[in-house]
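Me: Please show me the model, and then let us work through some questions about it.

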Amino acid sequence: MRHSDEFIRRRLLARSEVDGTTGCRMWRRATRGGYGRLWDGERVADAHRLAHEVFIGPIPAGLDVLHECDRPGCIEPEHLWCGTVAENMADRDAKGRNGGFKNAGRSHEGVRGSAHPRSKLTEDEVRIVKPRLLSGRVKVSALARDLGVSPSLLFGIRSGRNWGWV
Ligand SMILES: [Zn+2]
């Protein structure tokens, strides 16, 4: 039987700590693909998804839990929201986080992932999209069109050339 929400809340709080700089509540234990993992009494679940369920409410069918702060290990309810990858991207565009190539001209050595100015996807987005690509059930060109990214970016994710550590 699944543990009570109260029990899961206590576990989540006990296994994470607040980062005073960002306000993120970061998972302290081992992660899988950057996400915290916790036994909920029935199965091992993603800690950020559990955090959404017990602190905010159920996750609507078909939606993913995304990070406002773009840190997969964060379980701070204030930083979590439900949506689709396309919505997440639109949200970022609206905020201008993805525009402007602020760092153009500087060295990008050692910078990877969403901190890289040429990246068009966040880590959350890659983690959600990658299994779909690997399943072979989606057409890369159609997905690229939906997301507004180049097919080559998605081919690179599928082959492991881009985002291979995710
Ligand atoms: Zn956070």
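Reply: What follows is a short exchange of questions and answers. This is a predicted model, in which local features need pLDDT of at least 70, side-chain atom pairs count only at pLDDT 80 or more, and totals for chains, interfaces and linings use all residues. Residues are numbered from 1 along each chain as its sequence is written, and side-chain values use heavy atoms, with hydrogens and water left out.

Me: What is the geometry of the site of the zinc ion?
Reply: The zinc ion is coordinated by Cys24 (SG), Cys69 (SG), Cys74 (SG) and His79 (ND1), at 2.1 to 2.4 Å, where donors are N, O and S atoms within 2.8 Å of the metal (3.2 Å for Na, K and Ca). The angles among the four donor atoms are 103 to 114°, and four donors count as tetrahedral if all angles lie between 85 and 135 degrees. The site is therefore tetrahedral.

Me: Which residues of helix H5 are buried?
Reply: Helices are DSSP runs (H or I, at least four residues), numbered from the N terminus, and buried means under 20% relative accessible area, exposed over 50%, partly exposed in between (1.4 Å probe, protein chains only). On the other side of H5, Arg145 and Asp146 are exposed. The buried residues of H5, which spans residues 140-147, are Val140, Leu143, Ala144 and Leu147.

Me: Within what arc do the buried residues of H5 fall?
Reply: The arc is that of the directions from the helix axis to the C-beta atoms. The buried residues of H5 are Val140, Leu143, Ala144 and Leu147. Seen down the axis, they line one face of the helix, because they fall within an arc of 100°.

Key. Helix = DSSP H or I, 4+ residues; strand = E, 2+ residues; numbered from the N terminus. Tetrahedral: all angles 85-135°; square planar, octahedral: opposite > 155°, others 65-115°.
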